[in-house]
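Hi,

Here is the structure I promised to pass on. Please look it over before reading my notes below.

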Amino acid sequence: MNKIALELNETLGGTAAARLLSDFGTRFYFPKGIISQSGEAKKKATRFNATVGMATKQNIPMFLPSIQKLITGLSEGEIYPYAPTPGVPELRSDWKAEMEQKNPSLRGKLTSEPLVTSGLTHGIMVVADLFVNAGEKIVVPDMFWGNYRLIFEGRNQAEIVTFPFFNASGTINLEALEQSLRSCGKKISLVLNFPNNPTGYSPSIAEAQKIVDLLHKLADEGNDVLCYIDDAYFGLFYEEDTLKESLFGLIADLHENLLAVKFDGATKEELAWGFRLGFITYAGKGLNSEQYTALQKKTMGAIRASISNASRIAQSLMLKGLQSPSHIKEKEDAFQLLEARYHKVREVLGSQGSDSPLTPLPFNSGYFMTFTYQGDAEKLRVHLLDAYGIGTIAIGTTYLRVAYSSVDIENVEELYTSIEKAARELL
Ligand SMILES: Cc1ncc(COP(=O)(O)O)c(C=O)c1O
């Protein structure tokens, strides 16, 4: 094994993080190659810096005027150069500060520095490579973002184990969750995504505490637990009793046998879907800063080996956005707009008859809501498209997902009455 990987493994020795690493993760490291040599040169090469594979003129990156004329408000250095593999330092520290601001439970707890990825998808992929071996199980609710299957099963050859998300009273089915977690053996991997895609559900404070208690119990029994927290839709919580912060904060120092990994980013939170900016942040009880650095180094290796580094211009734009005095207000305005659509959906659904062939699954947050359909949901999807010009997503033949986040409030009523009408027409 590479000498640097051995050193990192030694630093992590004895921790749950070390035990949870996959073969890939155990092997991985961040090489002292071009990146670290050019880092050294940045500090010491006062005469000429002939290290990085970029073209400069008078120390400024060269550029094409046809591109440059389109961009205002950023210097050439904020647009064109490669970003560092872990991300632009100021963006990382500002994002961390925001994370603590948004998650009071996280304050005072030691975590890694956020590492910048090319969107959340890439972050999940990188962490899956580092922690999942072929044949291992990974638990997700039966309502989950389909890309998990492509990542964990398609790429990593793991097995996704699902549990029925809701019990009869419309809250998270904790018994089923526990059963699935116990079926994993001594290494337990779990993905929690709130607000959930596709249901739009987030737990109440009491429910979240029960999940935390369950994870504590499993860790305390001697299992190693890896909890992926997918916070793609963070912040879009529309009901009073919903947990308004990430579960990551609640489990960040829960138990020495538990490692939590938070995935968040600009995609939905900053309304910058195509920027491809996400963050990976680790937390585990008892991990010291050298151990977090070791985890970061392994992760940087996996980032370097996949995309090398995330987009510089996107990071610069996001940093300027975060630092803008109007940023908080602008996000609040966007939140209110989506929240108003949510309440409109509730109002329209509330006025529909109780004999509807469509039953909404519990929802209280995020972009989506999902119906259970008495007929064939795929046929309904096609009928909605052909007869009404309405696009929705069928999940198998039972569920229909509606992204009300992308329909203006004045059209919400028509959207839902059309779906109801179409659903009746097919039965
Ligand atoms: C639950 C969930 N996680 C992650 C993502 C992907 O985020 P990104 O576009 O940043 O890769 C999505 C996007 O739809 C999602 O629904």
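This is a predicted model: local features need pLDDT of at least 70, side-chain atom pairs count only at pLDDT 80 or more; totals for chains, interfaces and linings use all residues.

Cysteines. The disulfide count is zero. A disulfide needs two cysteine sulfurs within 2.5 Å. The sulfur of Cys 184 has its closest cysteine sulfur in Cys 227, 12 Å away, so the two are too far apart for a bond. Cys 184 is buried, at 15% relative accessibility. Cys 227 is buried too, with a relative accessible area of 0%.

Cis peptides. The bond from Phe 194 to Pro 195 is cis, with omega near -15 degrees. Pro 195 sits in the loop between strand S6 (187–193) and helix H11 (205–220). The bond from Asn 197 to Pro 198 is also cis, with omega near 20 degrees. Pro 198 lies in the loop between S6 and H11 as well.

Cavity. Searching the whole structure gives one cavity of 30 Å³ or more. The largest cavity holds about 60 Å³. By class, the lining has five nonpolar, one polar and two charged residues.

Positive phi outside glycine. Gln 58 has phi near 50 degrees. Gln 58 is in the loop between strand S1 (56–57) and strand S2 (60–61), and is exposed at 75% relative accessibility. Gln 157 has phi near 55 degrees. Its loop runs between helix H9 (147–155) and strand S5 (159–163). Gln 157 is exposed, at 55% relative accessibility.

Best wishes

Technical notes: Residues are numbered from 1 along each chain as its sequence is written. Side-chain values use heavy atoms; hydrogens and water are left out. Buried means under 20% relative accessible area, exposed over 50%, partly exposed in between (1.4 Å probe, protein chains only). On a 1 Å grid over the protein atoms alone, a cavity is a set of points where a 1.4 Å probe fits but cannot get out, and a pocket is an open set with protein on both sides within 12 Å along at least five of seven lines; lining residues have an atom within 4 Å of a point. Grid points are joined across faces, edges and corners, and a volume is the space filled by probe spheres set on the points. Ala, Val, Leu, Ile, Met, Phe, Trp, Tyr, Cys and Pro count as nonpolar, Asp, Glu, Lys and Arg as charged, and the others, Gly among them, as polar. Helices (H or I, at least four residues) and strands (E, at least two) are DSSP runs, numbered from the N terminus.
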